[in-house]
Amino acid sequence: MLRFLKYFLIIFVCLVVLAAGGGAGLYYWAASGLPTMKKITDYNPPLTTTIYSRNDKVLGYLSKENRFLRSQEEMTEHVRQAFLAAEDSGFFEHGAIDFMGILRAAIKNLRAGQIVQGGSTITQQVVKSLLLTPKRSYKRKLKEAILAYRLEKHLTKEEILTIYLNQIYLGEGAYGVEAAARVYFGKHADELSLAESALLAGLPKAPSLYNPYENPDRALERRTYVLRQMRDLGWISSKRFVQAAEEPLVLRTMKDPTWRIAPDYVEQVRRWLIDEFGHERVYEEGLRVYTAADMKHQRAAEEAVRAGLEASTKRRGWRGPITSYNATGAKEFLGEQNASEQIETLRQGEWIKVLVDEVRPGGARARFANETAWMDVESMAWCRELNPEKAPEEVPDVKNAEKVLNPGDVVWASLDSNERDQKDRWLLRLEQKPRVQGALFSMSPENGKVRALIGGYDFDESEFNRATQAKRQPGSAFKPIVYSAAFDQGMTPATKVLDAPIVYQDNATNSTWKPQNYERMNFGPTMLRTALVKSRNLVTIRVAREIGIDSVIERAKTLGLEGDFPRNLSVSLGSGSVSLRGMCRAYSAFARSDGSVVEPRLVLKVTDPWGEPLYESNKTVRNAISPQTSYIMADLMQQVVQRGTAWRVKRAMNRPFAGKTGTTDEQKDAWYMGFSPYLMTGVFVGFDDPKPMGKYETGSRAASPIWIDYREQVESEYQAQDFSKPPGIVMARVDAETGLLAGPDTEESYMIPFKAGTQPKKVSPSSGDGSGSDGGDGGSSQQQGDRLKEIF
């Protein structure tokens with residue numbers, strides 16, 4: 001008996017040793033190569049970077065995963081309870097592994113004949129999500145258990161739960177509760193109701209199966225299960241259970257503004273962020289980016305650019321329909337449209353595609369979906385044949401719709417202000433999407449903050465930013481740079497320069513350059529003041545020849561312009577290619593009272609998700625020209641508005657504005673650079689592949705109306721402000737004909753600023769025929785002068 005006990009004990013001890021050894025071996029086998037806890041204890045998941053406007057309105061998001069980090073205090077109590085009830089109700093009572101939960105799940109799974117319940121704790125789910133692969137195996141399960149025990153020694157239960165609520169995938173690309181709240185209910189995590197919290201808590205088990213967008217009935221069943229769990233645990237009353245279970249399912253996605261609100265601005269900021277911080281930090285670290293964008297300015301700029309380009313394309317005439325269908329194609333086209341969606345689009349001021357099914361001289365009947373519409377010929381008055389050699393005022397309006405449209409044509413249409421006629425047909429207007437492009441850049445000259453940035457007609461069709469990436473010839477908009485250099489080399493606004501033909505022979509290329517004024521006329525001796533106001537090319541060329549090409553190029557670079565400037569006299573007429581952003585920066589020297597150049601700023605501040613600063617921009621200024629030269633240029637460009645090529649600005653708004661138009665040969669580029677002491681705005685219009693835009697499509701006609709439309713919408717934010725006169729400036733009344741001080745016989749005169757000591761000393765003895773004045777714009781008659789004023 002004793003011998004038997006002895007053998008039994010030996011065997012038992014051996015078995016224990018073997019079991020312990022096996023267990024130890026199993027542990028070390030499973031524990032080999034385990035990751036450290038650092039990835040969890042230093043929890044830093046991929047987060048969404050948010051870009052804000054100056055008023056903290058969200059402009060857009062940049063992310064690898066749609067996730068917004070939130071503490072439990074930033075979620076409703078329902079959220080915490082619902083997820084615990086659905087996933088691990090005993091989380092705060094059991095350890096890292098819930099053995100009783102595993103047993104209960106095993107019994108339920110056996111009874112059901114399939115896996116209906118898991119036994120993983122929230123701690124295990126966090127470990128699985130952050131440290132292990134989704135591959136199922138016994139070894140991975142053992143690793144999961146070991147790591148779960150280790151995790152609970154490093155972090156508290158509350159910390160683990162917070163990580164879980166931010167890490168868990170909840171379908172529709174949403175990671176964490178905050179992102180899911182936005183995706184499914186259009187609200188934030190601290191605004192979720194009990195029923196909404198329960199629905200989200202039911203998603204982790206199978207996000208696709210219980211997706212309320214795809215499977216609303218299953219989502220509601222799962223929601224009821226979570227609510228029942230909460231009731232059985234005593235966390236909600238039976239009354240609240242019934243109320244929440246009967247709550248209708250209302251889904252609404254929080255609209256993602258990215259690439260919808262200020263897309264050009266957001267894209268420019270995105271590029272800067274990647275250059276500054278790198279792609280990984282921008283898309284994974286949840287940066288908070290605060291910009292200078294002003295949404296009122298941005299919306300006004302977008303509307304102005306779109307309207308200006310649409311008007312431009314109509315001035316060139318009708319390009320024809322988008323496409324044309326036969327009867328079969330027409331039926332398919334209409335069948336693919338949804339009437340309510342199309343009507344909503346129209347009422348939002350946007351265009352839709354319609355099918356023309358009958359045309360008469362007085363208009364065309366059109367259809368969309370199952371709706372009938374009418375387009376009156378009056379909305380087709382602009383639809384002349386394409387001919388860039390003729391301006392729209394030189395051809396008659398179209399008065400027969402049969403010359404424009406045919407049955408089967410598909411065209412763009414907008415909603416008329418009256419909406420419907422007596423026959424209950426939708427009243428539409430024929431539209432045409434422009435191929436010509438444009439850009440607008442607007443900033444504060446005081447601090448360089450960029451308020452609005454438009455890079456083209458439609459960001460969805462072209463992401464190329466014509467305000468920052470395109471380099472085009474500025475034409476006459478470059479002339480103020482030439483004149484500012486001349487005024488620093490002894491010339492004054494009253495200096496007279498001959499306006500007469502010039503011919504240059506290039507022996508190297510055996511070519512001849514014969515520059516002309518826009519009007520194809522010459523005006524004799526002309527004051528520089530008048531030459532700038534009237535944008536006289538021949539005077540500007542002679543000024544550049546007098547001060548030297550190097551002086552012109554040096555001044556351009558001093559003002560911050562970047563580009564390849566040709567080393568010939570054509571540079572004085574804007575033949576060097578520059579960006580709109582660069583021109584605005586250069587013109588800031590004329591808008592700023594001290595003559596310094598301010599650097600444009602889009603991004604003001606960048607912080608991490610917790611508000612710790614990572615970057616902060618400061619106003620950057622650089623000395624460029626003297627305050628006196630700056631004031632003289634601003635004053636002369638005010639005269640461009642009052643008496644010159646920017647006359648449309650004066651007609652629209654009675655404020656102290658200064659500006660300069662710019663047009664290149666054959667009207668391939670049109671510019672308007674306009675400013676006040678509080679806002680600098682530049683506009684460019686032109687085809688991406690430079691080609692003529694058409695007769696009279698100048699900076700005045702094509703670009704300045706866009707500037708006006710934008711500024712009219714934002715000027716109410718500012719008090720009217722004139723340019724401040726610095727010390728060292730003397731104002732003198734000068735005879736428009738002679739350039740001397742106005743005398744008793746002077747017929748026309750101007751108040752002109754001079755640097756002290758450079759003003760005329762002699763009084764004009766008499767007045768001539770006024771050829772050097774503004775009268776008649778240099779034409780042979782007042783009628784001709786009025787015509788030139790209209791087309792400049």
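Predicted model: local features only at pLDDT ≥ 70, side-chain atom pairs only at ≥ 80, totals over all residues.
Local features were considered only at pLDDT of at least 70 and side-chain atom pairs only at pLDDT 80 or more, whereas totals for chains, interfaces and linings use all residues. Residues are numbered from 1 along each chain as its sequence is written, and side-chain values use heavy atoms, with hydrogens and water left out.

A search of the whole structure finds 41 salt bridges, a salt bridge being a side-chain nitrogen of Lys or Arg within 4 Å of a carboxyl oxygen of Asp or Glu. One of them joins Glu267 to Arg270, with the closest N and O atoms 2.8 Å apart; both residues lie in helix H12 (residues 263–277), three residues apart, about one turn of the helix. Helices (H or I, at least four residues) and strands (E, at least two) are DSSP runs, numbered from the N terminus. Glu267 and Arg270 are both buried, where buried means under 20% relative accessible area, exposed over 50% and partly exposed in between (1.4 Å probe, protein chains only).

Arg347 forms a salt bridge with Glu419, the closest N and O atoms being 3.3 Å apart, and this pair links distant parts of the chain, since Arg347 belongs to helix H16 (residues 339–347) and Glu419 to strand E10 (residues 409–420), 72 residues apart. Arg347 counts as partly exposed because its relative accessibility is 49%.

Strand E14 (residues 496–499) runs antiparallel to strand E17 (residues 524–527), to which four bridges join it; two strands pair if DSSP finds at least two bridges between them. The bridge partner of Asp499 in E17 is Gly524.
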